[in-house]
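Here is a friendly walk through one protein model, written for someone who likes to know the cut-offs behind each term. Have the viewer open as you read.

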Amino acid sequence: MASLTADPSWATRYSPIELVERTGSQGIELILWLTARAALGAGAVHEVAATYHVPISNTAAGMMLLEPAG
């Protein structure tokens, strides 16, 4: 999640298929997160809020609210 704020361009080194291969079953979710980040444009963003929780079942849940910086 931190890379979506600091350096989202890292993902451009990989094709969608390579992202899924590298991230496993969460690969599709990663692509959705990257799509949401891309909607904010290439400029800097500010993290308004974020939370990440891994419950006992090990199915993690994350939430992040970003806004364009400036």
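## A question to begin

Leaving aside its neighbours within four places in sequence, which residues is A44 in contact with? The partners are P68 and A69, where contact means heavy atoms within 4.5 Å. A44 sits in the loop between helix 3 and strand 1 (45-53). With a relative accessible area of 56%, A44 is exposed; the label exposed means over 50% relative accessible area, buried means under 20%, and partly exposed lies in between (1.4 Å probe, protein chains only).

## About the model

This is a predicted model, in which local features need pLDDT of at least 70 and side-chain atom pairs count only at pLDDT 80 or more, while totals for chains, interfaces and linings use all residues. Residues are numbered from 1 along each chain as its sequence is written, and side-chain values use heavy atoms, with hydrogens and water left out.

## Overall layout

The protein chain has 3 helices and 2 strands, and their order along the sequence is α-α-α-β-β. These elements are DSSP runs numbered from the N terminus: helices are H or I with at least four residues, strands are E with at least two. Along the principal axes, the C-alpha atoms fill a box of roughly 40 × 30 × 15 Å.

Of the 70 residues in the protein chain, 16% are buried. Among contacts with a separation of 6 or more, 38% join residues 24 or more positions apart. The chain exposes about 5000 Å², and carbon and sulfur atoms supply 61% of that area; accessible areas come from the Shrake-Rupley method with a 1.4 Å probe, and for residues only the protein chains shown count as cover.

## The nonpolar core

In soluble globular proteins, nonpolar side chains tend to be buried together. Here, the largest nonpolar core has 9 residues: L4, A11, L19, L30, W33, L34, V45, M64 and L66. Such a core is a set of buried Ala, Val, Leu, Ile, Met, Phe, Trp, Tyr and Cys residues joined through side-chain atoms within 4.5 Å. Helix 3 (27-38) and strand 2 (61-68) are the elements that give two or more residues to this core, and helix 3 provides the largest share, 3 residues.

V20 belongs to helix 2 (residues 16-23). Its relative accessibility is 27%, so V20 counts as partly exposed. Not counting residues up to four places away in sequence, V20 touches G27, I28 and I31.

How many aromatic pairs does a search of the whole structure find? The search finds 1. The ring centres of W10 and Y14 are 6.3 Å apart and the planes are at 65°, so the pair is edge-to-face. For reference, rings of Phe, Tyr and Trp (its six-membered ring) pair if their centres lie within 6.5 Å; planes under 30 degrees apart count as stacked, over 60 as edge-to-face and the rest as tilted. Y14 is partly exposed, at 23% relative accessible area.
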